[in-house]
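Hello,

Here is the structure I promised to pass on. Please open it and keep it beside this email as you read.

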Amino acid sequence: MATSRDYYDILGVSKSASAADIKSAYRKSAMQYHPDRNKEAGAEAKFKEINEAYEVLSDTQKKTTYDQYGHSAFQQGNMGSAQGGNPGGGPFSYTYTNRGGGQGNPFEGFDFGGQGFSDPFDIFESFFGGGMRRGPKKQVYQLDIKFMEAVKGVNKEVQIDGKKKTIKIPPGADTGTRIRYQDFDIVIAVEPDSTFKREGDDVYIDVEVPFYRAILGGDITVPTLEDNLKLKVRPGTQPNTMVRLREYGIPHVSGRGKGDEYVRLVISMPEKISREEREALEIFEK
């Protein structure tokens, strides 16, 4: 997030403004402050602020999140909630700028200032149909990586314009994460995992619990992103109970802290039981 100003104030609309009102206000302000049209000092900063506000308020999910949580919903470390997942219903991406050509420290030269928002000139071009972009537009390449590569970070060797490049992907990258180089951009696409479902920096997993273990309690084994974990099931555990494993999720892409893992306990019932088991259940029923 680049500004702390109220997004509605930036566009000059009220919270009850319709989508058409927001769009109209954006059109007027963006045309007024576009740096190619307005050479006054601060015009470009104002233009980026306007686009930041429009990107949130023009998106139904982001707008709902902003109305409920304000700017804090888009700050690092606040991507999830105790109820699980991103309050806006999907992951926020981060944008990096790599000024070092892909060599050395994987975080050296990365700019975390553009987190969660796309290039304001890209928004303007999409809205107005282009024609005012300054300079040639860079090539954008998609790089597919596996789920665990995104979790732990990975270096990828790729060929771009006939030249070998090393792309350093930091831990916590997600689909939509953009890594910016001087001459091109890389957009990450992460393959889904068969075990873990990702929401922001949190992961969700279903674990089957035998019905007798749910009744009597005991230990079960739960997969995590690092290793298996022994989890104690309380006696009388109900179906679909959700257990939160704090900081067992995906590293925040900024390098500070982790998300959580949420384990949903699915009570499994046997299809067939023995005569002795049936008699025991009948006694229990009585």
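Below are some notes on its aromatic rings.

This is a predicted model, in which local features need pLDDT of at least 70, side-chain atom pairs count only at pLDDT 80 or more, and totals for chains, interfaces and linings use all residues. Residues are numbered from 1 along each chain as its sequence is written, and side-chain values use heavy atoms, with hydrogens and water left out.

First, the ring pairs. Rings of Phe, Tyr and Trp (its six-membered ring) pair if their centres lie within 6.5 Å; planes under 30 degrees apart count as stacked, over 60 as edge-to-face and the rest as tilted. That rule gives eight aromatic pairs. One of them is Phe147 with Phe196, which is stacked, at 6.4 Å centre to centre and 5° between the planes. This pair links distant parts of the chain, 49 residues apart. Phe147 is in helix α6 (residues 147–152). Phe196 is in the loop between β6 (184–190) and β7 (197–199). Helices (H or I, at least four residues) and strands (E, at least two) are DSSP runs, numbered from the N terminus. Both Phe147 and Phe196 are buried. Buried means under 20% relative accessible area, exposed over 50%, partly exposed in between (1.4 Å probe, protein chains only).

Next, Tyr181 and Phe184. Their ring centres are 4.8 Å apart and their planes meet at 20°, so this pair is stacked. Tyr181 and Phe184 are both buried.

Ring pairs also join Tyr7, Tyr8 and Tyr66 into a cluster.

Last, Phe47. Its place is in helix α3 (residues 43–57). Phe47 is buried, with a relative accessible area of 0%.

Best wishes
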